[in-house]
Amino acid sequence: MITRKRLAVGAGALLAALTAGLALPAGAVAGEPTGEDTPKVNLLLDVSGSMRERDIDGGSRMAAAKQAFNEVLDATPEGVELGIRTLGADYPGDDRKQGCKDTAQLYPVGPLDRTEAKTAVATLVPTGWTPIGPALLKAADDLDGGTGSKRIVLISDGEDTCAPLDPCEVAREIAAKGIGLTIDTLGLVPNAKMRQQLSCIAEATGGTYASVEHADELTDRVNQLVDRAADPVVTPVATDGAGSCAKAPTLESGLYTDRAEFGQQRWYRVDVLPGQELRASVSVAADRSVDPTYGALLRAVTVHGREIVRGEAADHGRTDVISTGLRYPKAEQEDGDGDKPAAETVCLQVTHSFSAASGVKTTPGLPLELTVDVVDGTDRPADVASFGLGRGWWLLGVLVLAGFLTGVIWGWLSRWRVAVWRTN
């Protein structure tokens, strides 16, 4: 499921990648990585009593985790600030209320002292409860501040034991804050219930889930996630779309994030000069249980309500993200009296047809990610948009002409073959 999600997100970002390759605006734009902030990773380790189980390559789950952490600490890239938080490491008693507070920062998020971090990991002994929800809240607080990439890597061998604080709801609340934090989850020897819970946590923030049954798999997976934090990251800029074009915010080229309620329209405005082309794409994520029929619609409309072009996608089944996009080339202005050409305000309307399953919260709305890019139009004949094919007229004319010529030639050949057959 997570793989499909990543593929869907990649498809939704394809248009953004294309436009970024064709034309990069001068200076930083909304959502562009600046490289000024240090990436941060918080490793969140389950140290509950079940970690004593000896079912990973003949050793205990705790031993596998310690081995993985030691190797990851050695391989952590320079420039990545790393911390370690535990859950269930200190309270061995039966008081549930007390056990659900058992989370502590073993090593603070900051520049890495490998010797000190390894010494702290060596002291861990499987002890108590599994307060995943409370630990996620604290782990997010550990990463507070800055705008660089932020990741929590949660490693657990069991589901949360501190309901009703649902870890999935906690992850959704973290995502709704718009702080750009991603939670990746790893399940040690998982069962179906644990797999479902850890997948839900990851999905809520755009992270990944993987099950692990061998020590080397755990090491490799944690290393990949820590390395990923060091890669340049584009953090979407939070915006608040309006219920109508007249009240919509005006966006420049960049990457934006918003929330769309079920059955709600979100409007945004973009100014496009003659000779420029607007390229936009939107991805809507289902971060909770939804009905199996869904769709997304992105429309470019004039301020007077006339539709210019649209992009839409729909499907039926189980999904995490659905994406669509559009392109609108604005023709060059005719040579006139030399006045500066006026920009056209294009209204972008985003709607989705996800519907909440029975008993599922409808607020906050589903997360959406909107990519906007306004670039200089192209004169290359190979570019479909430069011919107006995006509006369909040229393509329709070509198809009609090709069909007519094919019919004439085929009819002539058929008559000729019949005439030859009769003669013979």
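Trp 416 is found in helix α9 (residues 393-423), where helices (H or I, at least four residues) and strands (E, at least two) are DSSP runs numbered from the N terminus. This is a predicted model: local features need pLDDT of at least 70, side-chain atom pairs count only at pLDDT 80 or more, and totals for chains, interfaces and linings use all residues. Residues are numbered from 1 along each chain as its sequence is written, and side-chain values use heavy atoms, without hydrogens and water.

**Surface patch**
- Trp 416 belongs to a nonpolar surface patch with Leu 401, Phe 404, Leu 405, Val 408, Ile 409, Trp 410, Trp 412, Leu 413 and Val 420, with about 1100 Å² of accessible area together.

**Helix packing**
- Helix α2 (residues 61-75) packs against helix α4 (residues 114-122) at about 175 degrees, the axes being 10 Å apart.
- The two helices, α2 and α4, are therefore roughly antiparallel (angles over 145 degrees).
- Lys 66, Phe 69, Asn 70, Leu 73 and Asp 74 of α2 meet Arg 114, Ala 117, Lys 118, Val 121 and Ala 122 of α4 (heavy atoms within 4.5 Å).
- The residues of this contact comprise 5 nonpolar, 1 polar and 4 charged.

**Backbone**
- Thr 363 and Pro 364 are joined by a cis peptide bond, with omega about -5 degrees.
- Pro 364 lies in the loop between β14 (344-352) and β15 (366-376).
- Asp 57, a residue other than glycine, has a positive phi near 55 degrees, and is found in the loop between β1 (40-46) and α2.

How values were computed:
Patch = residues over 30% accessible without salt bridge, like charges linked within 9 Å, V, L, I, M, F, W, Y side chains within 5 Å. Areas by Shrake-Rupley, 256 points an atom, 1.4 Å probe, with all protein chains shown as cover. Salt bridge = Lys/Arg side-chain N within 4 Å of Asp/Glu carboxyl O. Axes fitted to C-alpha atoms, helices over the stretch in contact; angles between N-to-C directions. Parallel < 35°, antiparallel > 145°, perpendicular 65-115°, else oblique. Nonpolar A, V, L, I, M, F, W, Y, C, P; charged D, E, K, R; others polar.
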